There are 2 protein chains.
Amino acid sequence: MRLAALLSATAIAFALPAVAVSAQEVDRVAINRIIDQGFNHSEVMDTAAYLTDRIGGRMTNSPQMRQAEAWTAQRFRDWGLSNVRADPFEFGRGWSVVRSSARMTAPRTLDLRAIPIAWTPGTNGVVSGEVVVAPMTTAADFAKWRGKLSGKVVLVTRPTAGSEPTEAPFRRLTEEDLRDLDTYNMPNHAAPSTNPLRELEFARQMDAFLQEEGAVAWVRMSARDGGLLHGNGSGYRMDDQRRTPGMELAAEDYRRLARLALTEDAKPTLELMSEVRFHEEDVNAYNILADIPGTDRSGEYVMAGAHLDSWAASDGAVDNAAGSAVVMEAARILKAMGVRPKRTIRFALWSGEEQGLWGSLAYVDKYVATRAALGDAQLDALPNNRTWRQRWPIQPRDGYGDLVAYFNLDNGSGKIRGINAEGNVAAAPIFQEWLEPFHAMGATTVSMRTSGSTDHVYMQTVGVPGFQFIQDPLDYGARLHHTSIDSYDHMRAEDLRQAAVIMAAFLLQAANSDEPLPRMPTPTQPRPTDPFPY
Amino acid sequence: MRLAALLSATAIAFALPAVAVSAQEVDRVAINRIIDQGFNHSEVMDTAAYLTDRIGGRMTNSPQMRQAEAWTAQRFRDWGLSNVRADPFEFGRGWSVVRSSARMTAPRTLDLRAIPIAWTPGTNGVVSGEVVVAPMTTAADFAKWRGKLSGKVVLVTRPTAGSEPTEAPFRRLTEEDLRDLDTYNMPNHAAPSTNPLRELEFARQMDAFLQEEGAVAWVRMSARDGGLLHGNGSGYRMDDQRRTPGMELAAEDYRRLARLALTEDAKPTLELMSEVRFHEEDVNAYNILADIPGTDRSGEYVMAGAHLDSWAASDGAVDNAAGSAVVMEAARILKAMGVRPKRTIRFALWSGEEQGLWGSLAYVDKYVATRAALGDAQLDALPNNRTWRQRWPIQPRDGYGDLVAYFNLDNGSGKIRGINAEGNVAAAPIFQEWLEPFHAMGATTVSMRTSGSTDHVYMQTVGVPGFQFIQDPLDYGARLHHTSIDSYDHMRAEDLRQAAVIMAAFLLQAANSDEPLPRMPTPTQPRPTDPFPY
């Protein structure tokens, strides 16, 4: 649905000189100082290196994430930020990998590429078994395999053909790409039609089925070719735990096993070893928050955020040490400049993002707005994010009006090419003006579209202006996102410096502007869009 | 140098209908039968699956290669080929991996992606040591590191930046690509100016240096990003053996170690384990040869070949189970058709290709032509391929004139798009005619260019018409060649079927044509091309 030409103020601002909005609001002297700090005195890659090389993958509530929480808080303090704090929310248990291995032992011996699936238990030493390929995607599949899995290593993915990567993995947005991004999405505050009790049910059901059947372990195929691994999984809540060890195999290794399993005389056997730890001493996760206090006493604040947690397949570099380092660098830049903004500037490093935006939702729920209970004991006992969109009305907290703007960064290490106005047509021309000094750095575009899947989403659900920057994709989607090669090597230093400069500038603009950024009316339960919802 | 327009008969045949050569030579009824066998009754992927999934990586003289030699010979026999034989040549010892692992133990623990470097000894259990980054590329580098490597794990590659893969890994040749291939290369029979005594000397020198210094092991960085590994190495000759264990690390893992080694307070340590076997019970390698006997008694024969050996990082699929399976399938097709060719058709599966085209050179030297000794005891004691091009004159064997044409396939699993005429302007229009029935299958191009790096090269050095087909590159160069993902998944069945059909047709044409394929004059020592060769 492309209503951009009709609805987007951006399209007009893009085509004409930006004269609609007065120019005196952009403080170009301050931007020169931001540029000096951000390019001549950058620390963004030092921050990124510590988070990735030194600490490594930062699964929520793992020891590595605890280390990252402490280290980032200390950096904020070192740089002189105020009110640095670790803000708790209930999450569940942590999980970390000590070591693992996988090995084919028949029809020939071969070391395989594998990692444990998150939150599955370890194997308690080396276990082995014949391979059975038993694809399962719903509980209806169990009947087919009942009685056949005892003592077996169960390959649960239906193998697909190898890939033919006919597009360049690494790319930057062209002018045409940027134009295509400027798409208007109809607002959608309607409750999802899925039953929140069913979510994640299959993972639990399959685990129980495999336990009953006496399977040794289950193995899934990597969703990407080329030997890449991911390892993401569920089962972190204290009331939702797995009992069967699970491992992810490289697609090439998985398919070889699946083909051999079809032979008569070369059935494969696997040896698996997975040593993992569960961390239950503190089931709270923590968002790290830090402020540059505002000079006026209105209580208004602007905010930048990125998630600090990651998956464990590698060092969580472009997802999202990159964004975390940029948010921290923006804080460092502004603090080093000695800014005294009108509104408070707050920096947030979220936890629990990878499991469903837990940290940013917890912040919204606690400080911005909550939503009514459903009045169903079973549903209301579910985690907040399972039922959030189904609960009406929105109930603003005292601080509801104080959060003037939130800027998120979570699309890899590509430089900023613009910002998604998230359907806010009143904010768009202001962003266009704020971006103008950065056109020569490649940041030109205000898109009307709504972006999703990260920590500004819950701001949007309650009507707070939360925005996500547009970044060059680089090889984020093609090979880095959640994979075993998401390490420091694939972050681009010049891109992250540019992003930190623009992030700092946007925060300063938003903190000092005469009027707070325009916001959308607070959502109310929308009329059904379809009279026959079946 | 593009002399194609002047010199290539191909260019003319390409632009005009192929009327210059009489058409009755192409037996289209036979080609219909080849097509039926090769597409409706194909076994090429069964053959490829056995070589890759069942046998796996086939390092020369490893147990896997022995298994492949026996299995392929048996397949030829099963299909009814004649004179199936394993033709020996001296090579050296075999080597195979039992298992291996690598693990960072400080500043944090992390399983790394690593494989042993070919023909280096195992670690004899788990060894560990602090990491020292000591880039070495010539013996002149040793002085810098002397006295600093005792008890250390030595990282010998200078780390480079991460890659930005801005081209599609998987591609097929366009019409423009095919036109660009039609380039004429001046013949070059001049002796190389390198000193054959120096070749591979550095690997030996570094091994000795590391031994003297008491290094625990050496580690090199993968030449490709993305977690891919290779593991190729030297040291297979009985008089040229390594004593220091060597491992290759994924580039991402290597660079992380190299960065940490630069820190003051987070120096990395590594645990390495490499269990390997040497196989010295038979230092001969074996080419597998099989014939379809010719009906006339001239002794003339035509030949197809591909190398059966591979590296060990994966299953040696596109390099070169693919080519081997195509050569075998061409044999099967022709035999299944019950052809009784005029000239004998010979099929060759070479060994020792990856270490320097040993197998095909041994064949040439034994049956086609040898070259004079240099008269220097030290040089003449070197392996044949080190001095081959420097020894004049060429001394034809009795069978020199009998080998009428040799066709090689060793550029992955891409379908055949044409053939390199290797500078033979008299053969080019004949190939154009032979290709004509396959234009609709994408095989259209006769290029004048000379191709290298595989088993037709030594045929060319003595003036025998040896040719390499042009194939679609697919993702051969981008991510498969010698890597840890060169397994069955990345072979393309339809491409290999097409290649087998064309290979069979070319063999039948060459075997039955009235006149043998035109050949170049036998090379003689060329005049120096430069009067001042320094």
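The contact between the two chains draws 48 residues from chain B and 48 residues from chain A. The structure is a predicted model, and the values reported here are computed from it. Together, chain B and chain A bury about 3,800 Å², of which 41% falls on carbon and sulfur atoms. Within the area that chain B buries against chain A, D53(B), R54(B) and D489(B) account for 17%, more than any other three residues.

Polar interactions were examined next. Between chain B and chain A, 14 salt bridges are counted, and 32 residue pairs are in polar contact, both residues being at pLDDT 80 or more. One salt bridge is formed by the side chains of R492(A) and E164(B), with an N to O distance of 2.9 Å. On the side of chain B that touches chain A, two or more residues are given by each of helix 4 (44-55), strand 2 (94-106) and helix 9 (251-261) of chain B. Helix 9 of chain B provides the largest share of that side, with 6 residues.

In chain B, an open sheet of 8 strands is found in the order 3-2-9-5-6-7-8-4, with mixed pairing. Strand 3 (110-112) and strand 4 (114-116) of chain B are the edge strands, each pairing on one side only. From one strand to the next, the twist averages 30°. Strand 5 (residues 126-133) and strand 6 (residues 153-155) of chain B pair in the parallel sense over 3 bridges, and V154(B) in strand 6 of chain B is the bridge partner of V132(B). Helix 9 of chain B, the element with the largest share of the side that touches chain A, also packs on this sheet. Helix 9 touches strand 2, strand 3, strand 5, strand 6, strand 7 (217-221), strand 8 (246-249) and strand 9 (269-279) of chain B, and its direction makes about 115° with that of strand 7 of chain B.

In chain A, an open sheet of 8 strands has the order 1-10-12-11-15-18-16-17, again with mixed pairing. Strand 1 (82-90) and strand 17 (445-447) of chain A each have a single partner strand and stand at the edges, so one side of each lacks a neighbour in the sheet. The twist of this sheet averages 25° from one strand to the next. Strand 17 of chain A runs parallel to strand 16 (residues 416-420) of chain A, to which 3 bridges join it; among the residues of strand 17, T445(A) is the bridge partner of G418(A). Helix 5 (residues 63-78) of chain A packs on the sheet through contacts with strand 1, strand 10 (284-292) and strand 12 (344-350) of chain A, and its direction makes about 10° with that of strand 10 of chain A.

Over all chains, the structure holds 71 salt bridges. One of them joins the side chains of E43(A) and R75(A), at 3.5 Å from N to O. E43(A) is located in the loop between helix 3 (28-40) and helix 4 (44-55) of chain A, whereas R75(A) belongs to helix 5 of chain A, so the pair ties together parts that lie 32 residues apart in sequence.

Terms used:
Residues numbered from 1 in each chain as written. Chains lettered and ligands numbered in written order. Predicted model: local features only at pLDDT ≥ 70, side-chain atom pairs only at ≥ 80, totals over all residues. Heavy atoms only, no water. Pairing = 2+ DSSP bridges. Helix = DSSP H or I, 4+ residues; strand = E, 2+ residues; numbered from the N terminus. Axes fitted to C-alpha atoms, helices over the stretch in contact; angles between N-to-C directions. Contact = heavy atoms within 4.5 Å. Buried area = accessible area lost by both parts, 1.4 Å probe. Salt bridge = Lys/Arg side-chain N within 4 Å of Asp/Glu carboxyl O. Polar contact = N/O pair within 3.5 Å; in protein donor to acceptor, adjacent residues only side chain to side chain.
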